[in-house]
Each structure stands twice: as C-alpha cells, then as structure tokens.
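Here is a short briefing on one protein chain. Keep the sequence and the 3D view open as you read.

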Amino acid sequence: QSTATWWKDATVYQVYPASFKDSDGDGWGDIPGIISKVDYLNDLGVDVVWLSPMFDSPQEDMGYDISDYEAVYPRYGTVEDIDVLVRACHDRGMKLILDLVVNHTSTEHEWFKESRSSKTNPKRDWYFWRPPRYDEHGKRLPPTNYRSYFADSAWTWDETTQEYYLHLYAESQPDLNWENEETRNAIYDSAMRFWLDRGVDGFRVDTVNKYSKHVDFPDAPIVDPSNFIQPATHLYCNGPRIHEFIREMHDKVLSNYDVFTVGELSLTPDPKHVLKYVGASEKQLDMVFQFDMIHLGMGHGLEDKYEPTEWKLSEMKQIISKWQKFIEGNDGWTTAFCENHDNGRAISRFASDEPEFWQASAKMLTIFIVTLTGTLFLYQGQEIGMINMPSEWPIDEYKDIEALNYYKEAERLSNSSDPTRKGRIMQGLRKMARDHARLPMQWDSTPNGGFTTGIPWMRTHDKYKEINVEVEEKDPKSVLSFWKQLLALRKDYRDLFIYGVFDLVDPENEDTFMYTKLSTDDQVALVALNFSADPKPFTAFERSKKMKLLVGNYYDSEPETLQPFEGRVYLNF
Ligand code: TEU
C-alpha cells in the first residue's frame, strides 16, 4: 500500500452545473444553486466536489467548448460566485475541483479568433492549420481522412485564409497546438493558475491523452472504402510528446499547489502505459478514469459507438479485475466509478430500472462501487438512483450534439446503404446516450422535481415524484439512505475497501459477481452481487459461513440463494 494522501481516501461527487439546481428560474442550474446544496453534499459524505465546465461558452458541447477560461458562463453566475463556492466547501472541510478542458477551445475564444484572422497573425500557430489537398477530379479534400468524435470530418474549411483547421470533436472545438511553447504557457496561466490561485483544489483533466498529435498528419488506413472519412483515434491518442507535456504541466504548475488531478484517459488498454500517467514517480497525473467498463454494450469503435451489443458478466469481471489489480506492487493509483455526464445511468445499463427491480439494482451497484479500491467518484443523481429517460421519449428530447449527429448520420445511411441503421442507433441511444445523465436533478415532488421554477432546459424525468431527495431523505430504507450508510462504511473499513487487494471469486459465473478484498492486516471482505433478475445459487456460501454479514440490500434474504440483484458484504471476523 502506497502512502495515503487525502485524495486517495476521498469520495468525489460530480456536479453537472446545467442540471443540478437552478436558483433564479431561468431553467438552467447555477452556482448559487450549487452553494445552496453544499450542506446536502456534506451530509451525504462527499469530500470533494468536481464541477463540470462552468466557464464562458457558446454551449455547443455543454461548456466543453470554452470561449474564456477566466470567466463564468453568465447563466451560471460569476467568478465571485465560484469564490463563494470554494469557501463554502473549505468551511466544511470539503474541496472543489474544476474541469480542465485544454485539448481545444471554442471557435469563439479570442485566441482562435486571432488565429483564424490571417496566416501571419502571431497566434496562427496556436491551432492546427493545413492547406487543402485535391483529388484526381480537382475536388478539394481535407488534409487527412480523420473522422471526428462527433461523426463528421475532423477538419473544417475556413474561407478567410483558405485553409482547414483540426478539431477532434465538434467543428466549434478547434484543437490547440501543444507543440507551441507559448500556447502551453498561456494554457497554464489562463486555464490553470487563474483558478488555482483562487483556492481551487485540482482538476479533472479532459481528454488528457490527446494533446500530442502526430503533426506530420498521416492518413488513417482505409477500413470503409465507401467513405472518405475513416476511424483515426489510434492516430490522435497518446501522441509522441504526450508524457513530456503532462510532466511539464505537473512541474511548472501543479507541483506548486496541494492539489490532485484525475485524467480522462480513453483508448489506452495497456496497464504499463497507464502507469506512465499515474505512477507517483512519473509526476504526471494522480489517477485516471479508465473506460473499459463504460464501453460494455457499445458498438466497436467510435463510428459504431451507439450500435447496441451484448455483453457478458464475465467480461465485466475481467475488466474490473484488470484495473483493480494494475496498481499492485507499484506506485500507481486508480479510480472507482460507473457513471458520469457522458453516459447512460448505471442502473439502466448494467442492472434493471424496471419498477420491481429498481431499488435492489440501485443498492447492489452501490455495494459494488463502494467496495472497490481507488478514489470513488459518484455522479449527481446516482445517490438517489436516477435512471435513463423513459424509452418512449422521442429524439426531440435528446439535446446532445453527439447523439444528434449520430442520429442524423443514421438517418442518412438508412436512406441509402443500411435501411435498419436508424432503428438500431435509436435503440443504442435509449441505453447509452449522454443525454440520460443530463436530465435535471430530482430534489422533491414539486413541478420539475424542484430543480427550477421555470422551464428546464431538458425535460424532467416522469418519475421525479418517486425518485427524489426529499422522499428518500425521509425513508431510512431508501437508496439515498443506503448510499450514506455505505459511504460511511467505506471510511470505517478504508484498509479493505479503499486500499484492499482485489481478487475475483468464481470468475466464470455469468450471473453473480463475487470478489474478495484483503487488507494489509489480513482482514478479508467477501462481496457477492447477483447481476440477474432471477434468484441464483450463492456459490460462495460455504466460505461465507465462517464470516459475518456486514451489509446487504435485502431484509429477508436466504443464506444459500441470492435474490434478484441482491448484494452482500461479509467480513472474516
Ligand atoms: O469527453 C471525451 C471523450 O472522448 C468521450 O469519452 C466522450 O464521452 C465522447 O462521447 C466520445 O464519443 C470529454 C467530455 O467528457 C465530453 O463531455 C466532451 O464532449 C468531450 O470531452 C469534448 O470536450
């Protein structure tokens, strides 16, 4: 076990500002709304609040398109409001971290406006500009064939200077050129020191493995000959200078403050490589999010993300085991989470949101996440068991640029090469769209779940009268009460749950997920989770007879059988 630090033990709660709490009735959440709920979070057992982007932005990608790092989006409030929020957290012994989104800015950022204005502008090289190329018929083509994350080409033509600029995400999110030292220094000052000097306690680092590009921009291999654009993520993730850049960010900026960072690390399957990012001696990041579990049920590759696929429990076990065990015997650290603002709700994806199973599912997943090693992250609404939007809601209720772009593409393909594509993609969106997590937080049984007195920017879930904070606070057996109890248990048994050594039990079993956690002083916990909607034999029953039940989500359970979505934790003394 490596040296304990405050951020290893922390329970982190992600707030998505647009959907958390609206204080002024404009239908958008805001910082004063968050301030009014800091006591609620403290009471829940939260140590750190991670606030998703609240910077000034045209909101093409919900604030991940920043037009000014040093200003707050007016609907959310002001920089002074953030100062108040920082103090409100610190006064209660809590911390606040922000999102650091520095792979790209918005096209509305002053830096980009200057860069785009002329080829000789001093900031021209702060972004990636490349001349066009032409096919054999003289048709203008982008510099490379890369597909962007949000479905179209990763290059957009700009009339003013007759060149293309690169954007791995939306057209309105041009990529910053990290090769340029002046650009890097501006990022450190504006996006980082500005906030750290105001008392912010760290960052969740967006798209952390994409800052270094292969700047000779080779074409991606052609896998789909019917199309010009091709999948190219392998070319734009983990580029040649990535570790140099992250290390510099650490040395020049982060090392001067008592803060922590958690990087968003997609498409990096090799644990040895992940350790380069999170090994303490590497001095880069403190931990990262790994997305293998999140990808269960998604189609292969970016272009098929929303094609639903089957997944097996044994696959989930291997994934969890891999990322639980990868820190053994080294100086790395890991995270435990199953929700964020970019994915469907865990209950709907990995268990069941059917009324008869909803509560057991919510609590079973709570046991799961709370007993895993690493820093724990939960996402707003997870603590009350929020679920995906109802499946009958039409595409008009989806607001996310990614969902809408995929849907438009699917419509186009349905009309030409692949008639059933639209139906399949819609089915995928119902489970996995980023929109599900962005529905307003459900506070009470008043209209719109008490989120706003106005018209919410996204529709409130039909079930807000059953699933909400007020109802659940009054019920000692609610999902919320269970979360509180388990977050406290996690701290009481920190050597087991936060730091223990993870080992699978009965790994091939496709119905129940079982594992042990072992602490340095030889305490053992046995966790048993039934991931199916039927009663299943508890295959570790013999072993459990020598242990005592610490916690479970059923009040009338039978020792040798696990009820639908039942979860139990045993201890060896
Ligand atoms: O996401 C980066 C990312 O690549 C994904 O994991 C993302 O979920 C996307 O759906 C991939 O298909 C981050 C943010 O979390 C996301 O909200 C932003 O849209 C994105 O960066 C661009 O800034």
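Asp506 sits in the loop between strand S16 (501-505) and strand S17 (512-518). This is a predicted model, and its phi at Asp506 is positive, about 50°, although the residue is not a glycine. Most residues other than glycine have a negative phi.

**Positive phi angles**

- Thr207 belongs to the loop between strand S11 (202-205) and helix H7 (233-236).
- Is Thr207 buried or exposed? Thr207 is buried, because 22 other C-beta atoms lie within 10 Å.

- The domain assignment of the chain gives domain 1 (6-104 + 202-483) and domain 2 (500-571).
- The centres of domain 1 and domain 2, taken over C-alpha atoms, are 28 Å apart.
- Contact between the domains involves 20 residues of domain 1 and 21 residues of domain 2.
- On the side of domain 1 that touches domain 2, helix H10 (313-325) and helix H12 (355-370) each supply at least two residues.
- H12 gives the most to that side, with seven residues.
- By class, this side of domain 1 has eight nonpolar, seven polar and five charged residues.

**The largest nonpolar core**

- In soluble globular proteins, nonpolar side chains tend to be buried together.
- Here the largest nonpolar core has 159 residues.
- Val49, Val288, Leu365, Ile369, Leu429 and Val527 have the most contacts inside this core.
- Which helix gives the most to this core? H12 does, with nine residues.
- Domain 1 (6-104 + 202-483) and domain 2 (500-571) both give residues to the core, so the core lies between them.
- Leu429 is in contact with Tyr306, Tyr398, Ala403 and Tyr407, leaving aside neighbours within four places in sequence.

**Helix H6**

- Helix H6 covers residues 181-196, 16 residues in all.
- From first C-alpha to last, H6 reaches 21 Å, close to the 22 Å expected at 1.5 Å a residue.
- Where does H6 bend? The bend is at Asp189, by about 30°.
- Arg184, Ile187, Ala191, Met192 and Trp195 are buried in H6.
- The buried residues of H6 pack against strand S4 (68-72), strand S5 (95-100) and helix H8 (242-252).

- Glu248 is a residue of helix H8, one of the elements that the buried residues of H6 pack against.
- Glu248 counts as partly exposed, because it has 17 C-beta neighbours inside 10 Å.
- Glu248 and Lys283 are 35 residues apart along the chain, and their C-alpha atoms are separated by 9.2 Å.
- Lys37 lies in the loop between helix H2 (31-35) and helix H3 (38-44).
- Lys37 is buried, because 20 other C-beta atoms lie within 10 Å and the cut-off for a buried residue is 20 or more.
- Lys37 and Lys21 are 16 residues apart in sequence, and 8.2 Å apart in space from C-alpha to C-alpha.

**Ser115**

- Helix H5 (residues 110-117) holds Ser115.
- Ser115 counts as buried, because it has 28 C-beta neighbours inside 10 Å.
- Not counting residues up to four places away in sequence, Ser115 touches Asn121, Lys123, Arg124, Trp126 and Tyr127.
- Of these, Trp126 is eleven residues from Ser115 along the chain, and the two C-alpha atoms are separated by 6.9 Å.

**Ala437**

- Ala437 is found in the loop between helix H14 (421-432) and helix H15 (469-473).
- Why does Ala437 count as buried? Ala437 is buried because 25 other C-beta atoms lie within 10 Å.
- Leaving aside neighbours within four places in sequence, Ala437 is in contact with Glu339, Asn340, His341, Asn343, Arg345 and Tyr379.
- Ala437 and Asp258 are 179 residues apart along the chain, with their C-alpha atoms separated by 31 Å.

Technical notes: Residues are numbered from 1 along each chain as its sequence is written. This is a predicted model: local features need pLDDT of at least 70, side-chain atom pairs count only at pLDDT 80 or more; totals for chains, interfaces and linings use all residues. Domain bounds come from an automatic or database domain assignment. Two residues are in contact if their C-beta atoms, placed from the backbone, lie within 7 Å. Helices (H or I, at least four residues) and strands (E, at least two) are DSSP runs, numbered from the N terminus. Ala, Val, Leu, Ile, Met, Phe, Trp, Tyr, Cys and Pro count as nonpolar, Asp, Glu, Lys and Arg as charged, and the others, Gly among them, as polar. A nonpolar core is a set of buried Ala, Val, Leu, Ile, Met, Phe, Trp, Tyr and Cys residues joined through C-beta atoms within 7 Å. A residue is buried if 20 or more other C-beta atoms lie within 10 Å of its own, exposed if 12 or fewer, and partly exposed in between; C-beta atoms are placed from the backbone. The expected span of a helix is 1.5 Å times one less than its number of residues. The bend at a residue is the angle between axes fitted to the seven residues ending there and the seven starting there.
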